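Please examine the sequence and the structure shown below. The paragraphs that follow lead through selected helices, loops and contacts.

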Amino acid sequence: MELPFNAAFSHSFQQFRRILALNNTVLEKIAHMEEALAGEYVFDRKFLSESVESLSELVREVIYCLNSLADNRYLDLYPRYEELADKLAVLAAEYAGPYDRSLTLAYELINSDFEELVGAKNATLSEIRNRLNLRVPEGFAITVAAYRLFMEENDLFARIDVICAEAGSNRERSDHISRLLAGTKLPEALVTAVEEELTQLWQQTGGKALLAVRSSGVGEDTETRSFAGQFHSLLEVKPELTSVLAAYQKVIASRFSVAALEYLGPTAGSREVPMAVGVQPMIAARVAGVTYSRNPEKPETNHLLITAVRGAARGLVDGSKAADRYLVSRTWPFSLLESELVTAEEYSNSKPSLEILASGLRRGSASLTPGELAKMAEQALLLEKAFGETQDIEWALTDEIFILQSRPFSLPAKPAPLPGELAAELAAATPLMQDRGQVAQLGIAAGKVVHVDQDTDPEQFPVGAIAVTRFPSPQFSPIVWRAAAIITDVGGPTGHLATIAREYRTPALFGTGEATKLLAPGEEITIDVENKQIYQGIIEGLVRLQATEEDPYRSSKELRILRRILRWVAPITLVDPTAADFRAEKCSTFHDILRFSHEKAIDALIHFHADQGGKKGMQSRPLRLPVPLNLRLIDIGAGVTPAAPPQGELTMAMLNSRPLMAILQGFLKDAEGGKEPIPLGIRDILSGMGKPMALFSGTSYPGDNLGIIAEEYCNLNLRLGYHFNVVDTYMSAEPDNNYIYFRFVGGLADRNKREWRARLIGNILAGLYFKVDRKGDLVIAKAKNLDLLQMERVLGRLGELISFSRQLDVQMRDEAAIERFFLQFLSSLKEEQNGERS
């Protein structure tokens, strides 16, 4: 049985409100998990399993409510949800997932979650390739499952443990194990798997090349154990199956080398530190080297160190080859601070002496250009941020930079600034903003201000700069990844972008009100989010204080599991609702499902009225106003006061809908608001008669104007003379739920006048927190994430604009009128603001 319009819309509105409530609950739970990840409190396995179970239930209900609201248009969300929920249940139970028995895995299938299956080195390189989108050599891993199969088929675990328990030196034990391994045979399944991977690798890279066969032990290249130099990696291996398998066995044997046995100690059994192996084509480097994301000689400074040699980096790593050294600022634009260049004679293939310049440098003697140094510095900071600690990065440069490996390195304890010194520096500093905004992610950062908006290309945003923007749009998530910190005018700590900031551990201060006005582009600032302070210039003491903070929980097993869980929960990849790939099947995380559902719920509510045809069973009541607006209202939930009579005419005093009251107060401020539009000439009328009426009307309903209201909601369809306005808005105490949708079309003036009017309205809306899309004389504008006070003010301004725009068609006689009327409208707002202050 079909519901009357009032009941149908009331049901849909309740589903919409439920989606908003669920959205907030899920984001709060994600924030809670991210706080645990940051080490703010201790947690256990029960916390992990309960968090996953709760999130899965809540997200499933979001999908149910959305489909109930949108007539089952988004059933495609369920398969994506089931896949993610299953994956999270697996991770919470510590099961390795569908690949746990794979003998080989291509890098494209791996991420950091696979460390216990492919070893740290392979997992890190794959993470860099697949998540950070930086270049690494293509390749594949021979997994820990392959290692165990090889060891078990040859009964090596038990036999090696017996050897290690015997009396004698580690040299004797290692030699004995080497002889044992020499007589073993690789399992046929492993041989077949490696052969298949090699075939796919040659297809992927376009032909055979010499290979690197590298160790990737579980726990190798980590902060707790680096195993630096303990395991073998073989370079320039012939691109043949037999050569690769022989190299693989040599790498496996290095797990039991003298150095490795000494490093692990006498109590380590043969099953500890299982060995995976990486196979990659060699990179024919023009220049190669190592980047330290923080200068190891002076870690307290904000510098990084790059060393480089011409050709391959083998001589640099083993210390046999002299290298150029570059000290580079860690702050964008990554200026070169100091360099020590190797002379041509110091290279083994020495060349004639080069011309010496007045600066003391040799013309053309530097192995790296300033642009290449800046790119390496940028990548070093991204890697440091991705892995949460300083990085030792081996790279090779052809016409682009290839990351060969990236691992944490331990720095000497960094001295924190003395309290007295820091206090004195802060006392002398110039504060630019104090006690404004809400904390989205704690931290301290320093850098140059870069203003960002919807047109900013994330790839052009300088790594390490401070992003300052009006709105916390999820479209900025790639920028949050690159930014040292992000500051917004509007928004709060439970929104989508706040979740992204916590995921990336990017210091974030939201809802400051005037950051875009007070913080000039290019200005150097330091932000202390915890204390809500922004200072002019770089406050070295605060930067040092941030650098000395340690994270003692980072290496715990529970933390690693939580990090893996959050990878499928917190990131957001669907950032632009207007993009072609903003589709249900493209949701990659729970946050994506949440974001998609939130956008589509708003869209469904906005367009509900147009989908209802003749509005069967609609019950509306007239609203008495001091102007002839002919507005009728449908109350779907506390839109009028309890004292209002159940039937008959309503008055302004009976209204309880905050958004409608704000719009009407703005509309009625204009003393001319009650005037009928100025009559048009026959030319204007004829020029507009070709416009389809579907563009004009937002709904089909009896009477001129209709409002559907609740205490926190209003959908307003206004036909004012020859103009059609649609306002759909939700206004609550939670900024991340709030939005305003505004559509303006119509007018029977000639085409030029209609387009001039649309440009004027678009310009005004852009100054009122709106994102504006204008096509000809159709204006569509959206604003989100405003707090209650901002919502009230913007809706009031919108009411004024609706009234103001009624007279524009015939009064805009030339293009210059756009600026004139723009200034006239702004002048009226300024007079009102001055009156409020006085």
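**Loops, helix pairs and buried positions**

D155 is placed in the loop between α5 (144–153) and α6 (156–165); helices (H or I, at least four residues) and strands (E, at least two) are DSSP runs, numbered from the N terminus. This is a predicted model, in which local features need pLDDT of at least 70 and side-chain atom pairs count only at pLDDT 80 or more, while totals for chains, interfaces and linings use all residues. Residues are numbered from 1 along each chain as its sequence is written, and side-chain values use heavy atoms, with hydrogens and water left out.

The backbone of D155 has phi near 55 degrees, a positive value in a residue other than glycine. Because its relative accessibility is 46%, D155 counts as partly exposed; buried means under 20% relative accessible area, exposed over 50%, and partly exposed in between (1.4 Å probe, protein chains only). R505 also has phi near 55 degrees, a positive value in a residue other than glycine. R505 lies in the loop between α15 (496–504) and β17 (508–510), and at 35% relative accessibility R505 counts as partly exposed. Another loop, between β8 (324–329) and β9 (336–340), holds P333. The peptide bond from W332 to P333 is cis, with omega near 15 degrees.

The discussion now turns to helix packing. Two packed helices are described by the angle between their axes and the distance between the axes. Here, axes are lines fitted to C-alpha atoms, for helices over the stretch in contact, and angles run from 0 to 180 degrees between N-to-C directions.

The axes of α6 and helix α7 (residues 170–182) come within 9 Å and cross at roughly 155 degrees. The two helices α6 and α7 are therefore roughly antiparallel to each other; angles under 35 degrees count as roughly parallel, over 145 as roughly antiparallel, 65 to 115 as roughly perpendicular and the rest as oblique. The crossing of α6 and α7 is right-handed; a crossing is right-handed if the near helix is turned clockwise from the far one by less than a right angle, and left-handed if anticlockwise. From α6, residues L156, R159, I160, I163 and C164 meet R173, H176, I177, L180 and L181 of α7. The residues of this contact of α6 with α7 comprise seven nonpolar, one polar and two charged. In this classification Ala, Val, Leu, Ile, Met, Phe, Trp, Tyr, Cys and Pro count as nonpolar, Asp, Glu, Lys and Arg as charged, and the others, Gly among them, as polar.

Helix α3 (residues 77–92) packs with helix α19 (residues 590–606) at an angle of about 150 degrees, their axes being 10 Å apart. That angle makes α3 roughly antiparallel to α19, and the crossing of α3 and α19 is left-handed. In α3, L77, Y81, L84, A85 and L88 meet F590, I593, F596 and S597 of α19. The contact of α3 with α19 is made up of eight nonpolar residues, one polar and no charged.

N23 counts as buried because its relative accessibility is 3%. Leaving aside neighbours within four places in sequence, N23 is in contact with H496, L594 and H598, where contact means heavy atoms within 4.5 Å.

In helix α20 (residues 658–669), P659, L660, A662, I663, L664, G666 and F667 are buried. The buried residues of α20 pack against several elements, including β21 (631–637), β23 (713–720) and α24 (788–804).
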